[in-house]
Amino acid sequence: MSKTYEFVTLDVFTDRRFGGNPLAVIADARGLDTATMQALAGEFNLSETTFVLPPDDPRHTAKVRIFTPSAEIGFAGHPNIGTAWMLAAQGRDTHGRLTFEGGSGLVEIDVERDRSELRMCRLMTPKALRLSAAPDAADLAPCAGLDAVDIRQTDVASVGLDCVCAEVAVEVLARAAPDASAFRAVADRWLGPQGRFMLCLYARDGNQLRSRVFGPLYGVTEDPACGSATAALAGLLLERDGAPSNRLVMQMGEEIGRPSVLYAGAQRGGDGVRVWLAGQCVEMTRGTVCL
């Protein structure tokens with residue numbers, strides 16, 4: 001006899017349907033093994049799918065596993081924000097707070113309401129900012145169909161998931177096009193045959209940013225709204241600017257018809273640079289998986 005699992009899809013980092021980054025959430029994933037979770041993520045074929053499980057520590061809200069169509073990852077922004085939105089809509093937050101056990105550590109999420117209506121979810125990333133060297137512009141440019149002169153600076157930044165960040169002029173964003181074979185060649189040279197990376201091209205105007213994120217080695221040609229990249233950029237730019245804190249607004253997804261808005265900020269603390277990320281969501285569909 002088949003077993004059924006309820007799911008919800010949401011558009012994340014948007015206040016309107018058919019914008020933002022779609023997410024599928026299996027609200028009660030008990031009984032699913034890792035291989036089946038991966039297969040379901042491939043079936044949904046969204047940038048990520050989350051699976052909600054009971055927490056190991058009863059003081060926490062849930063354990064949340066995150067899968068792209070081809071791999072499990074420890075942290076990403078839009079899966080945590082979207083899952084938090086769904087659970088908060090079910091009243092599972094405690095005084096406006098949810099705590100998720102994730103692959104990269106605990107993710108604490110604050111829920112903002114206007115009376116009873118959800119307005120915003122805001123998370124703190126599970127890890128402090130970590131920076132490292134990235135491949136140079138000559139290596140990375142072919143990954144996005146660009147020339148080396150188009151890329152101003154490259155860095156690897158992480159607050160739970162490594163992201164290669166490359167600064168470009170705003171007009172360069174429109175003509176970028178990912179090349180999966182170039183990604184594979186760079187990953188092989190840099191990380192080895194099993195290596196993967198995502199590339200965030202960004203343009204900055206003060207505290208306003210635009211970006212595009214490509215991750216073909218994760219099964220995601222282009223991510224309409226990438227929270228982990230936005231959060232990593234907030235920390236990276238704080239370090240570059242030498243400021244005590246910052247607040248950024250990120251626009252993404254216009255080039256692929258999924259306009260998205262993400263809010264992020266970073267601040268210095270005793271354990272390094274810590275980053276928050278916030279956004280809105282819209283529930284789209286509900287359904288049942290039969291296995």
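Me: Which residues does Glu48 touch, not counting residues up to four places away in sequence?

Reply: In this predicted model, Glu48 touches Pro22, Leu23, Ala24, Ile66, Phe67, Thr68, Ile73, Ala76, His78, Pro79 and Asp223, once residues up to four places away in sequence are left out. Glu48 itself sits in the loop between helix 1 (34–44) and strand 3 (49–53), and the unreviewed UniProt entry lists Glu48 under "active site".

Me: Is Glu48 buried or exposed?

Reply: The cut-off for buried is under 20% relative accessible area, and Glu48, at 7% relative accessibility, therefore counts as buried.

Me: Where does Asn80 lie, and what does its side chain reach at 2.8 Å?

Reply: Asn80 belongs to helix 2 (residues 77–89), and its side chain reaches the backbone oxygen of Ala76 at 2.8 Å. With a relative accessible area of 3%, Asn80 is buried. Leaving aside neighbours within four places in sequence, Asn80 is in contact with Ile66, Phe75, Phe100, Val107, Ile109 and Leu123.

Me: How should I read a nonpolar core, and which residues of the largest one touch the most other members?

Reply: In soluble globular proteins, nonpolar side chains tend to be buried together. Here the largest nonpolar core has 60 residues, and those that touch the most other members are Leu10, Leu98, Phe100, Ile109, Tyr202 and Leu233. Helix 6 (residues 227–241) supplies the largest share of this core, namely eight residues, while domain 1 (4–122 + 280–290) and domain 2 (130–270) each contribute at least three residues to the core.

Me: Why do the buried residues of helix 5 line one face of the helix?

Reply: An α-helix has 3.6 residues a turn, so residues three or four places apart point the same way. In helix 5 (residues 180–190), the residues Ala182, Phe183, Val186 and Ala187 are buried. Seen down the axis of helix 5, these buried residues fall within an arc of 135 degrees, so they line one face of the helix.

Me: What does that buried side of helix 5 pack against, and which exposed residues does the face turned away from it carry?

Reply: The buried residues of helix 5 pack against helix 3 (137–140), strand 12 (199–205) and strand 13 (208–215), whereas the face turned away from the buried side carries the exposed residues Ser181 and Arg189. Just after helix 5, Gly192 takes a positive phi of about 100 degrees.

Me: Which residues other than glycine have a positive phi?

Reply: Phe18, although it is not a glycine, has a positive phi of about 70 degrees, and its place is the loop between strand 1 (4–12) and strand 2 (21–26). Because its relative accessible area is 58%, Phe18 is exposed. Asn45, likewise a residue other than glycine, has a positive phi near 55 degrees and lies in the loop between helix 1 and strand 3. At 54% relative accessibility, Asn45 counts as exposed.

Me: How many residues of domain 1 are in contact with domain 2?

Reply: The size of an interface is often given as the accessible area lost when the parts come together, but here residues in contact can be read instead. In this model, 22 residues of domain 1 are in contact with 20 residues of domain 2, and the centres of the two domains, taken over C-alpha atoms, are separated by 23 Å.

Me: Where is Val289, and what does it touch?

Reply: Val289 is in strand 18 (residues 281–290) and, at 12% relative accessibility, counts as buried. Not counting residues up to four places away in sequence, Val289 touches Lys3, Thr4, Tyr5, Phe7, Ile26, Leu40 and Phe44. By contrast, the C-alpha atoms of Val289 and Gln194, which are 95 residues apart along the chain, are separated by 31 Å.

Conventions
Residues numbered from 1 in each chain as written. Predicted model: local features only at pLDDT ≥ 70, side-chain atom pairs only at ≥ 80, totals over all residues. Heavy atoms only, no water. Core = buried A, V, L, I, M, F, W, Y, C linked by side-chain atoms within 4.5 Å. Buried < 20%, exposed > 50% of the residue type's maximum accessible area, 1.4 Å probe, protein only. Helix = DSSP H or I, 4+ residues; strand = E, 2+ residues; numbered from the N terminus. Domains from an automatic or database assignment. UniProt positions renumbered as here; feature names shortened; annotations may be inferred. Contact = heavy atoms within 4.5 Å. Arc of directions from axis to C-beta. Polar contact = N/O pair within 3.5 Å; in protein donor to acceptor, adjacent residues only side chain to side chain.
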